[in-house]
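Biologist: I am new to this one. Please show me the sequence and the model, and then I will ask my questions.

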Amino acid sequence: MAYVITDSCIACGTCASVCPTGAISEGDIYKIDPDTCIDCGTCAESCPNEAIVPGE
Ligand code: SF4
């Protein structure tokens with residue numbers, strides 16, 4: 001399982017700066033590479049817009 005970034009993303013970049021594995025890439029909305037994500041949840045806790053949720 002990896003975390004995913006939803007349409008609520010405002011592309012602020014907070015998550016990418018805290019991810020310990022560099023799994024988050026920039027864009028119009030940010031994206032998490034599921035193969036690099038270790039499911040730590042740090043990004044979800046850091047997101048000011050609650051845009052990051054556990055994947056299925
Ligand atoms: Fe990075 Fe952890 Fe978020 Fe995965 S859960 S994208 S490893 S901060």
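Biologist: In which loop is the place of Ala11?

Modeller: First, a note on the source: this is a predicted model, where local features need pLDDT of at least 70, side-chain atom pairs count only at pLDDT 80 or more, and totals for chains, interfaces and linings use all residues. Residues are numbered from 1 along each chain as its sequence is written, and side-chain values use heavy atoms, with hydrogens and water left out. Helices (H or I, at least four residues) and strands (E, at least two) are DSSP runs, numbered from the N terminus. Ala11 sits in the loop between β1 (3-5) and α1.

Biologist: What is the phi of Ala11?

Modeller: Most residues other than glycine have a negative phi. Ala11 is not a glycine, yet its phi is positive, at about 55°.

Biologist: Is Ala11 buried, partly exposed or exposed?

Modeller: Buried means under 20% relative accessible area, exposed over 50%, and partly exposed in between (1.4 Å probe, protein chains only). Ala11 has a relative accessible area of 28%, so it is partly exposed.

Biologist: Where does Asp39 lie, and what is its phi?

Modeller: Asp39 lies in the loop between β3 (31-32) and α2 (42-46). Asp39 is not a glycine either, but its phi is positive, at about 65°.

Biologist: How many disulfides does a search of the whole structure find?

Modeller: A disulfide is counted when a pair of cysteine sulfur atoms lies within 2.5 Å. Take Cys9: the closest cysteine sulfur, in Cys15, is 6.3 Å from its own sulfur, so that pair is too far for a bond. Searching the whole structure gives 0.

Biologist: Which residues of the largest nonpolar core touch the most other members?

Modeller: A nonpolar core is a set of buried Ala, Val, Leu, Ile, Met, Phe, Trp, Tyr and Cys residues joined through side-chain atoms within 4.5 Å. The largest one has 15 residues. Those touching the most other members are Ile5, Cys15, Ile24, Tyr30, Ile32, Cys43 and Ile52.

Biologist: Which residues does Ile5 touch?

Modeller: Contact means heavy atoms within 4.5 Å. Residues up to four places away in sequence are not counted. That leaves Cys15, Ile24, Tyr30, Lys31, Ile32, Ala51 and Ile52.

Biologist: Which residues are closest to the ligand?

Modeller: A residue is near a molecule if one of its heavy atoms lies within 4 Å of it. The ligand is surrounded by 13 residues. The closest are Cys19, Cys37, Cys40, Gly41 and Cys43.
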